[in-house]
Amino acid sequence: MIRHISAHVVILCQLLLTEAYPRRATFELPDGEEVCFYADVRPQKYVFMYQVIYGGQLDVDFVLKEEPNHVISSVERTSHDEVSFTAERNTTYSFCFNNQFSVAAHKLIYFELHPESFESLAEEAGEAPHSTVLGSVETSAELVHLYLSRAESMQIEFKNRELGDRLVAEDLNTAVLWWSCAVTAAIVLTTLAQVTVLKNFFNDKKPAFSHHMPRL
């Protein structure tokens with residue numbers, strides 16, 4: 001089960017707290033903070049993939065450790081990576097994302113943890129793998145399950161890319177809207193000022209007459 005520990009408040013958009021794989025989550029990493037996730041794993045080979053969907057330069061520092069303090073992988077200022085590691089025993093691994101180098105940009109990050117080989121239907125259901133030869137129906141079902149699992153991972157990756165592009169487009173649209181409003185206001189004020197000045201040029205000025213008779 002993946003456990004989340006942080007000294008700060010983090011918004012978790014999605015977190016599947018199950019023993020089945022893949023284990024996925026999408027979360028927001030505030031600027032100037034570090035967030036770590038922990039997973040209890042069994043002896044086998046795993047793949048951990050993460051992707052910065054949105055925020056800043058789409059970069060984050062990442063550290064993968066076998067607890068208590070064995071660093072497996074450490075990278076800086078990366079936007080996307082896929083790390084393979086082999087668990088030799090039942091232990092706990094930590095996956096830490098660091099955004100302390102950023103002073104203003106929050107990051108939206110997606111990650112996924114799964115065995116290198118996709119689990120069978122029996123393993124995904126929490127049962128022991130089949131010890132006998134599978135029949136034609138079971139083999140076909142496992143093959144369909146494998147293809148669907150791969151397709152699901154690819155669709156999620158494409159969906160995250162589309163989400164990042166859409167968020168950038170919305171920010172750009174908002175910036176253009178406010179800039180257009182400012183330019184429109186400037187044009188209106190300039191037009192009013194010009195009309196006022198031109199109106200003063202064409203005003204008829206009556207000569208001033210004195211009410212006092214001149215002395216002879």
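**From two residues to the whole chain**

Val63 is found in strand 6, which covers residues 60–66. The structure is a predicted model, in which local features need pLDDT of at least 70, side-chain atom pairs count only at pLDDT 80 or more, and totals for chains, interfaces and linings use all residues. Residues are numbered from 1 along each chain as its sequence is written, and side-chain values use heavy atoms, with hydrogens and water left out. Strands are DSSP runs of E with at least two residues, helices are runs of H or I with at least four, and both are numbered from the N terminus.

Val63 is partly exposed because its relative accessible area is 24%. With a 1.4 Å probe and protein chains only, buried means under 20% relative accessible area, exposed means over 50%, and partly exposed lies in between. Beyond its neighbours within four places in sequence, Val63 is in contact with Val71, Ser73, Ser74, Ser94, Phe95 and Cys96. Contact here means heavy atoms within 4.5 Å. Cys36 is 27 residues from Val63 in sequence, and their C-alpha atoms are 9.1 Å apart in space.

Asn160 belongs to helix 2, residues 136–201. Asn160 counts as buried because its relative accessible area is 4%. Leaving out residues up to four places away in sequence, Asn160 touches Gln51, Ile53 and Tyr110.

The protein chain as a whole has 10 strands and 2 helices. Along the sequence their pattern is β-β-β-β-β-β-β-β-β-β-α-α. Of the 216 residues, 32% are buried. Among contacts between residues at least 6 apart in sequence, 73% join residues at least 24 apart.
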